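Morning, everyone. Let's look at one helix pair and then at the cavities.

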Amino acid sequence: MALRARALYDFRSENPGEISLREHEVLSLCSEQDIEGWLEGINSRGDRGLFPASYVQVIRAPEPGPAGDGGPGAPARYANVPPGGFEPLPAAPPTSFKPPPEAFQPLLQPQQAPPVSTFQPTGAGFSYGGSALQPSPQQLYGGGGYQASQGSDDDWDDEWDDSSTVADEPGALGSGAYPDLDGSSSGGVGAAGRYRLSTRSDLSLGSRSGSAPPQHHPSGAKSSATVSRNLNRFSTFVKSGGEAFVLGEASGFVKDGDKLCVVLGPYGPEWQENPYPFQCTIDDPTKQTKFKGMKSYISYKLVPTHTQVPVHRRYKHFDWLYARLAEKFPVISVPHLPEKQATGRFEEDFISKRRKGLIWWMNHMASHPVLAQCDVFQHFLTCPSSTDEKAWKQGKRKAEKDEMVGANFFLTLSTPPAAALDLQEVESKIEGFKCFTKKMDDSALQLNHTANEFARKQVTGFKKEYQRVGQSFRGLSQAFELDQQAFSAGLNQAIAFTGDAYDAIGELFAEQPRQDLDPVMDLLALYQGHLANFPDIIHVQKGALTKVKESRRHVEEGKMEVQKADGIQDRCNTISFATLAEIHHFHQIRVRDFKSQMQHFLQQQIIFFQKVTQKLEEALHKYDSV
């Protein structure tokens, strides 16, 4: 029989490949198997494309005929089958079945509807291959939105960057279905230290393993309602895997070493401390060449305190590491790297500034309880790529094929047992932090602008002004020398010395920003990167809260079982615990960093003015002998 559906609401298409619906309109479905909450079909105007599954009700009118001849249970193979199906034909051998050409005329004229293949959003979206709709793995389980920037000053080398991707891994998702991890061999505890965690439930709008999608039931029936999916499939909440996790679609194996623990501290949820803290120095930036001098790059020596074994890394290695971390940890603020520069990469000032930025970056990485213990970060710090290229590439491929990303990342979170969070209190804290980050970002921008302008004045304006004053004093001294009186020689020398003192003070002003203002601006740049990360982190948490509120509304209306709503709230609590723990860590390091940086700034200011005072005192003492 032809698959049909009736539109329950109006829907206006906003993207290529979608079609608009009118309430009560009857549509022809290509298949009742929805993909990520979307169905494909043809509306009454002959337009073919996608529309939300929750906006329609599948019409299940019984039709006579055996299951193999168009009766109930026969899947629709063609999109434009007439509403009543083809007339049943007398039984005949298969070879003698030759329908008239006009019966398939609608199928031979696809130009009447927009071609489905035109809908190919970039990024983690759907991909078309004809009439079959196949989501990408990133769309199913989420994936990081970060991609390493192209055309950087440190381009990838063929022998270092292999063309391995997650899609090449056996068992990668395809054909629009989730991998079946519910076999008898994978239940319960698996191999040593590996546990199967699953959040799957029947809350999702789409069916799995070929089962039918949720049907429409009367409003008074339990479990007839489902938590809707975001129509914007490119939002951070969807791409990060947060939506799939909250709706109970994540399933995977988590090793003991992959568990990320959130504990209750004196100020609320916080990440469990790293039992083996360490630091890492970055020194000796050296220019190196390859391909017989055709390509040059800067290499930095890294020495972690927990191994004391130096490794050498280029900026592109840092860039690759950042991409892996940003993809893996959607609710953790991975610090941004210093900005790239197309020209002047080998100038001493730029190399020094980049090294200082990398030191700040490394300090924040080693200080984070989760990032510091991450396998890919430890591989970056400890594997000597220059001497053991095979081990380096193996670790690199392993990181690029990490399965605990997207929705599966949230499976690794271990929260305090039997600890429920008050949704209103969580929402209030998140909203307060959102206001805080906006105000801090505005203040950091203003301070950075002010400090930059003041440093510019010190380097150029103040230096010139003090030297102009010094030159004027020397001019006066030269005029006095025309007196030729012996008793005035001491005065002439003292005035000339005063001019030289002002010249030296001008040089001190020009050199001072390197000591005090530049470190402040480096810190502000690092925190501006953190502040740019938190809107996405907050969006994931707010998306989870929205799903909880929707499920509670369904429970109050008697449309959803309490157990299903509780599952959604538990998973939302997991995301909330991680978000609050990350906020707590941010405030901790903020207080630590700004305390130490402000102390350094004031100490350098005191030293600077002591030098200025010393120069002036030396000039003053010259007049004692006049």
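Is the crossing of α8 past α11 left-handed or right-handed? Left-handed. That means the near helix is turned anticlockwise from the far one by less than a right angle; clockwise would be right-handed.

Some ground rules. This is a predicted model, so to speak of local features takes pLDDT of at least 70, and side-chain atom pairs count only at pLDDT 80 or more, while totals for chains, interfaces and linings use all residues. Residues are numbered from 1 along each chain as its sequence is written, and side-chain values use heavy atoms, with hydrogens and water left out.

Back to the pair. Helix α8 spans residues 423-480, and helix α11 spans 562-621. Helices here are DSSP runs (H or I, at least four residues), numbered from the N terminus. The two axes come within 11 Å and cross at roughly 35 degrees. Axes are lines fitted to C-alpha atoms over the stretch in contact, with angles from 0 to 180 degrees between N-to-C directions.

Who touches whom, with heavy atoms within 4.5 Å? From α8, residues including F433, F436 and M440. From α11, among them L580, I583 and F586. By class, that contact has ten nonpolar, four polar and two charged residues.

Now cavities: grid points (1 Å grid, protein atoms alone) where a 1.4 Å probe fits but cannot get out, lined by residues with an atom within 4 Å of a point. There are three of 30 Å³ or more. Helix α11 gives the largest share, four residues.

Definitions and conventions: Helix = DSSP H or I, 4+ residues; strand = E, 2+ residues; numbered from the N terminus. Contact = heavy atoms within 4.5 Å. Nonpolar A, V, L, I, M, F, W, Y, C, P; charged D, E, K, R; others polar. 1 Å grid on protein atoms, 1.4 Å probe; cavity = no way out; pocket = protein on both sides within 12 Å on 5 of 7 lines; lining within 4 Å. Points joined across faces, edges and corners; volume = space filled by probe spheres on them.
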